[in-house]
Amino acid sequence: MPNVHLTEPMQKYVQAQIESGAYANLSEVVRAGVRMLMEKDGARQFYALKADLEEAASLAENGDFAEFDAHAFEPDAFDR
């Protein structure tokens with residue numbers, strides 16, 4: 001999978017990054033880009049979870065919830 005095709009503007013940008021000393025080669029630039037995408041995806045997942053939790057909290061505050069019965073959920077945990 002090492003074959004990478006870049007547009008001309010991307011090639012010029014990468015070359016400038018290498019010439020400036022920010023990166024040693026194309027592989028380092030690509031790895032940095034993939035790391036950024038991975039971080040962005042992690043942030044996207046975090047904000048999706050946050051939105052889900054905010055919605056659940058709002059529903060609970062409005063009385064739209066069911067009581068949780070720990071004994072029914074995990075009866076063996078209380079056999080002592």
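## The largest pocket

Helix α2 gives the largest share of the lining of the largest pocket, five residues. This picture comes from a predicted model. Helix α2 covers residues 26–61. Helix α1, residues 8–20, also supplies at least two residues of that lining.

Which residues line the largest pocket? They are L6, M10, Y13, V14, L26, V29, V30, G33 and V34. By type, eight of the lining residues are nonpolar and one is polar. No charged residue takes part in the lining. The space inside the largest pocket comes to about 150 Å³.

## Confidence in the model

The protein chain has an average pLDDT of 92. A score of at least 70 is reached by 98% of the residues.

Where in the protein chain is confidence highest, and where is it lowest? Helix α1 is highest, at 96. Helix α3, residues 70–73, is lowest, with a mean of 90.

## Aromatic pairs

A pair of aromatic rings is described by two things: the distance of the centres and the angle of the planes. The count of aromatic pairs here is two. One of them joins F46 and Y47, with ring centres 5.0 Å apart. Their planes stand at 75°, and an angle over 60 degrees counts as edge-to-face, so F46 and Y47 form an edge-to-face pair. F46 is partly exposed, because its relative accessibility is 49%. Y47 has a relative accessibility of 54%, so Y47 counts as exposed.

F68 and F73 also pair, with ring centres 5.5 Å apart. Why is this pair tilted? The planes of F68 and F73 lie at 55°. F68 and F73 are both exposed.

## Two residues of helix α1

Q17 sits in helix α1. Is Q17 buried or exposed? Q17 is buried, because its relative accessible area is 18% and the cut-off for buried is under 20%. Set aside the neighbours within four places in sequence, and Q17 is in contact with A22 and Y23. A43 lies 26 residues from Q17 in sequence. In space, the two are 26 Å apart, C-alpha to C-alpha.

P9 is also part of helix α1. Its relative accessibility is 62%, so P9 counts as exposed, since the cut-off for exposed is over 50%. How far apart in space are P9 and P75? From C-alpha to C-alpha, P9 and P75 are 63 Å apart. Along the sequence, 66 residues separate P9 and P75.

How values were computed: Residues are numbered from 1 along each chain as its sequence is written. This is a predicted model: local features need pLDDT of at least 70, side-chain atom pairs count only at pLDDT 80 or more; totals for chains, interfaces and linings use all residues. Side-chain values use heavy atoms; hydrogens and water are left out. On a 1 Å grid over the protein atoms alone, a cavity is a set of points where a 1.4 Å probe fits but cannot get out, and a pocket is an open set with protein on both sides within 12 Å along at least five of seven lines; lining residues have an atom within 4 Å of a point. Grid points are joined across faces, edges and corners, and a volume is the space filled by probe spheres set on the points. Helices (H or I, at least four residues) and strands (E, at least two) are DSSP runs, numbered from the N terminus. Ala, Val, Leu, Ile, Met, Phe, Trp, Tyr, Cys and Pro count as nonpolar, Asp, Glu, Lys and Arg as charged, and the others, Gly among them, as polar. pLDDT is the predictor's confidence in each residue, from 0 to 100. Rings of Phe, Tyr and Trp (its six-membered ring) pair if their centres lie within 6.5 Å; planes under 30 degrees apart count as stacked, over 60 as edge-to-face and the rest as tilted. Buried means under 20% relative accessible area, exposed over 50%, partly exposed in between (1.4 Å probe, protein chains only). Contact means heavy atoms within 4.5 Å.
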